[in-house]
Amino acid sequence: GRLGLYAPKDRSGPTMRNDQNIKKVPQRSYGANNPNLPSKLPILGLGCSSFSSFFFSKEERVQLNLRHDDDLSWVTPSHPLVTAWIETILHAVKVRGVNLLDTAP
């Protein structure tokens, strides 16, 4: 399953170094007339709904020994899957300039 695939292999990736060749996601005007909204949003957001156990298969739930659907005992900052989720978000925000994180399942 995907649980063993996300262990970070190289921590010198884009989130860990200053790479000037990486392009940021283009931005569009959004809430320029509303101080409660960002003035610009990226044309692409980061879909984060898969950064949870909500979509885990039965095999993945067994692999993590989940007792029920809302068992979050495995979620620790050092878990390889959680580390990969964090690194993905950091890359999107810090390197690509994404400021729209869609968390709806």
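**View 1. Ser39 in the loop between β1 (27-29) and β2 (40-42) of a predicted model**. Leaving aside residues up to four places away in sequence, Ser39 touches Arg28, Ser29, Tyr30, Gly31 and Ala32, a contact being heavy atoms within 4.5 Å. Residues are numbered from 1 along each chain as its sequence is written. Because this is a predicted model, local features need pLDDT of at least 70 and side-chain atom pairs count only at pLDDT 80 or more, whereas totals for chains, interfaces and linings use all residues; side-chain values use heavy atoms, with hydrogens and water left out.

**View 2. The aromatic pair of Phe51 and Trp85**. Rings of Phe, Tyr and Trp (its six-membered ring) pair if their centres lie within 6.5 Å, and planes under 30 degrees apart count as stacked, over 60 as edge-to-face and the rest as tilted; by this rule the count comes to 1 aromatic pair. The ring centres of Phe51 and Trp85 are 6.1 Å apart and their planes stand at 20 degrees, so the pair is stacked. The pair links distant parts of the chain, since Phe51 is in the loop between β3 (46-47) and α1 (58-63) while Trp85 belongs to helix α2 (residues 80-95), 34 residues apart. Phe51 counts as buried at 19% relative accessibility, and Trp85 is buried too, with a relative accessible area of 13%.

**View 3. Helix α2 and its buried residues**. Helix α2 has 16 residues and reaches 21 Å from its first C-alpha to its last, close to the 22 Å expected at 1.5 Å a residue, where the expected span is 1.5 Å times one less than the number of residues. The buried residues of α2 are Leu81, Val82, Thr83, Ala84, Trp85, Glu87, His91, Ala92 and Val95, and the buried residues of this helix pack against β3. Just after α2, Gly97 takes a positive phi of about 80 degrees.

**View 4. The largest nonpolar core and the surroundings of Trp74**. A nonpolar core is a set of buried Ala, Val, Leu, Ile, Met, Phe, Trp, Tyr and Cys residues joined through side-chain atoms within 4.5 Å. The largest such core has 13 residues, and those with the most contacts inside it are Leu46, Phe56, Trp74 and Trp85. Its largest share, 4 residues, comes from α2. Not counting residues up to four places away in sequence, Trp74 touches Ser53, Phe56, Leu64, Leu66, His79, Leu81, Val82 and Trp85.

**View 5. Residues 1-9 and 11-17, with the confidence of the chain**. The mean pLDDT of the chain is 76, and 80% of its residues reach 70 or more, pLDDT being the predictor's confidence in each residue, from 0 to 100. Over residues 1-9 the pLDDT is below 50, although this stretch has 18 contacts in the model beyond near neighbours in sequence. Over residues 11-17 the pLDDT stays under 50 as well, and the model has 12 contacts for them beyond four places in sequence. Where pLDDT is low, the predicted coordinates should not be read in detail.

Note on methods. Helices (H or I, at least four residues) and strands (E, at least two) are DSSP runs, numbered from the N terminus. Buried means under 20% relative accessible area, exposed over 50%, partly exposed in between (1.4 Å probe, protein chains only).
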